[in-house]
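Work through the exercises below with the model open. Each task is followed by a stepwise solution.

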Amino acid sequence: MGAHSLKGRDVLSMADFSREEIDIILQTALELKRGISRGEFQDHILRGKAAAMVFETPSSRTRMSFWRAMQQLGGAAEDLSGGKVWSDSGVESWGDTCRVMDRYFDILIARLLAQSTLVEAANLLTIPVFNASTDYEHPFQALADFETVLEKKGRFDNVKYVLTWAYHEYNPPMGLVVSSMYLASRLPNFQFVLACPEEYTPPQDIIDRTMGYAAENGASIEIVHDLKKAAKDADFINAYCYVMPDVFRAGSPENNWQAPTPHNKEPERFKHWRVDDDVMKLGKPGAKFMHCMPAAVGHEVTADVIYGPNSLIQDEAENRLHAQKAVLALTLGA
Ligand code: CP
């Protein structure tokens, strides 16, 4: 499995990972994927290890892929979400629940509304803590997306990747954007473009940090407020609706993720932020469409594009499994 610099590490932010570490993770993910396709058993890697999983929001892919990742590696995963632990109902604090999990489990995998709650857990636990998406980051989705790019192109050099804001009345957090920016900025000669309405420009501290990493690593990072301009000559166009961290939590599951965001106040002004055939044709011939899902088909993207021959949505979803197995193996494996 190679280098062990990741042993025992938390995964809170993609900013914490060097170019070399990202390379090790992505190569390991592809190696594990090839192994599974050859019929290899990998259940010696985490035999006897157990993951606690806590989800404060719904999840299909993250929940299923982490469970399956632990299972394929020979470990176990217990989903503690949905009122199973006392901290959910306020009978004990999140900190007290965390300290107890530390004694039973080998890792905590948590999807939390707030990055600060995740950091609180990481400060209390001696076992690794993995970010399964918060208001600020979604590192494993970014890893799976970039694994998919590497798998399809065989390289990052001179690849143009557009991550575009897209219209959707619901309000997921911007985590994928932040994690993708930090990851892309470590890839030499990679061309990353964030396309978004001005209102959805990431906070300046995130831009500054990304630009700093890009300057160190020779990546190109651009923010463009015009989807058609951004799509020109793209190899990949990835659509994602998001809101800023400060408004994300206002859109709670109870009120159906509706937060008072610009695109919900004035939908007509934002509905043209949609990936259709015309946008895809602006990319390079055979340009690929990506979406982390769940997708609002007909709003963020047309059905022709998302279910068409150049869509990679199922590969991305599958690669969640392989990327997560890679990081689990590198952090917890012998
Ligand atoms: N892409 C993603 O994280 O999907 P889920 O919300 O279904 O886990």
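Domain bounds here come from an automatic or database domain assignment. The model is predicted.

**Exercise 1.** State how the protein chain is divided into domains.

*Solution.* Step 1: domain 1 covers 3-137 + 318-332. Step 2: domain 2 covers 140-317. Step 3: their centres, taken over C-alpha atoms, are 24 Å apart.

**Exercise 2.** Describe the contact between domain 1 and domain 2.

*Solution.* Step 1: count the residues. Domain 1 brings 26, in contact with 28 of domain 2. Step 2: locate helices on the domain 1 side. α1 (19-37) and α14 (313-332) each supply at least two residues there. Step 3: sort that side by class. It has 13 nonpolar, seven polar and six charged residues.

**Exercise 3.** Find where the ligand lies relative to the two domains.

*Solution.* Step 1: list the shell. Ser-59, Ser-60, Arg-61, Thr-62, Ser-133, Gln-141, Cys-292, Met-293 and Pro-294 surround the ligand. Step 2: classify them. Three are nonpolar, five polar and one charged.

**Exercise 4.** Work out which strands stand at the edges of the five-stranded open sheet.

*Solution.* Step 1: write the order, β7-β6-β5-β8-β9, with parallel pairing. Step 2: read off the ends. β7 (220-224) and β9 (288-291) each have a single partner strand, so one side of each lacks a neighbour in the sheet. Neighbouring strands are turned by 20° against each other on average, direction ignored. Step 4: inspect one pair. β6 (residues 191-195) and β7 pair over five bridges. Val-193 stands opposite Glu-222 in β7.

Note on methods
Residues are numbered from 1 along each chain as its sequence is written. This is a predicted model: local features need pLDDT of at least 70, side-chain atom pairs count only at pLDDT 80 or more; totals for chains, interfaces and linings use all residues. A residue is near a molecule or strand if its C-beta atom, placed from the backbone, lies within 6 Å of it. Ala, Val, Leu, Ile, Met, Phe, Trp, Tyr, Cys and Pro count as nonpolar, Asp, Glu, Lys and Arg as charged, and the others, Gly among them, as polar. Two strands pair if DSSP finds at least two bridges between them. Helices (H or I, at least four residues) and strands (E, at least two) are DSSP runs, numbered from the N terminus. Axes are lines fitted to C-alpha atoms, for helices over the stretch in contact, and angles run from 0 to 180 degrees between N-to-C directions. Two residues are in contact if their C-beta atoms, placed from the backbone, lie within 7 Å.
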